[in-house]
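Subject: Structure handover

Hello,

Here is the structure I promised to pass on. My notes follow below it.

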Amino acid sequence: MAEVTFREANKRYRRAFVPVMVFYTVAVFGGSYLLKQFETPPMWLSAIVALIMAAPVGGVLWLMWRLARETDEFTRQQQMAAMAGGGLLTAFFSVVWGFLELYNVLPPLWTFLVGPIFFLSYGAIYCFGMKRGPGPGFDK
Amino acid sequence: MINTLRELRAERGWSQGDLADALGVSRQSINALETGKFDPSLPLAFRIARLFGKGIEDIFDDGLGHLKRAAE
């Protein structure tokens, strides 16, 4: 694990996060605009545009992971707890939605919404955890 | 775990931010340590002890010190 201080780790995260999000914004708007130029866009082009749009999300997930590895131990605990909690909440939400969808109670959910649901859950749990401190399972 | 971090920091007139910078951690970490919400790892405890020129047991007390004394 790289030996960097909390401040340096945060700086490294922000320095990479901003260009990744700029790329994401350009990819989403640019990709949609490009596909609209075709009456029926070729499958290969649609696939490439979709993968280019998804790539920065993978980048953000990797940045979150790197930050969690590089930051100080207290923040790492909070980050890891938030990632785990966010993942569990997202899985539970998906299963509940899936069953409701199976019995035609709810319309089909766009799979790509799983990403934002994870990020929202992660963010909420992280903010809650910073106020509350680590639970009894952490170093107690 | 009980610790005397807040008192040691106050003796030196340092803010939580000053101590955080000296240790290379976040201010939130210092706050969590001082309020007993978080116990440091051994390497961080050593860094804290060295910074204040004290032993780890002079700063941190797990409440079981009497067992050690009894064993001696």
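Predicted model: local features only at pLDDT ≥ 70, side-chain atom pairs only at ≥ 80, totals over all residues.

Helix α2 (residues 16-23) of chain B packs on α3(B) at an angle of about 110°. Their axes are 8 Å apart. α2(B) and α3(B) are therefore roughly perpendicular to each other. From α2(B), the residues that meet α3(B) are Gln16(B), Gly17(B), Leu19(B) and Ala20(B). Facing them in α3(B) are Arg27(B), Ser29(B), Ile30(B) and Asn31(B). By class, this contact has 3 nonpolar, 4 polar and 1 charged residues.

Ala20(B)

Which residues is Ala20(B) in contact with, leaving aside neighbours within four places in sequence? They are Val25(B), Ser26(B), Arg27(B), Ser29(B) and Ile30(B).

The core

The largest nonpolar core has 14 residues. Those that touch the most other members are Phe74(A), Ala20(B), Val25(B), Ile30(B), Ala32(B), Leu33(B) and Phe38(B). Two or more residues each come from α1 (6-36) of chain A and from α2 and α3 of chain B. α3(B) gives the most, with 3 residues.

The interface

Between the chains, 11 residues of chain B are in contact with 10 residues of chain A. Helix α3 (residues 27-34) of chain B supplies the largest share of the chain B side, 3 residues. That side has 4 nonpolar, 5 polar and 2 charged residues.

Best wishes

How values were computed: Residues numbered from 1 in each chain as written. Chains lettered and ligands numbered in written order. Contact = placed C-beta atoms within 7 Å. Helix = DSSP H or I, 4+ residues; strand = E, 2+ residues; numbered from the N terminus. Nonpolar A, V, L, I, M, F, W, Y, C, P; charged D, E, K, R; others polar. Axes fitted to C-alpha atoms, helices over the stretch in contact; angles between N-to-C directions. Parallel < 35°, antiparallel > 145°, perpendicular 65-115°, else oblique. Core = buried A, V, L, I, M, F, W, Y, C linked by C-beta atoms within 7 Å. Buried ≥ 20, exposed ≤ 12 C-beta atoms within 10 Å, placed from the backbone.
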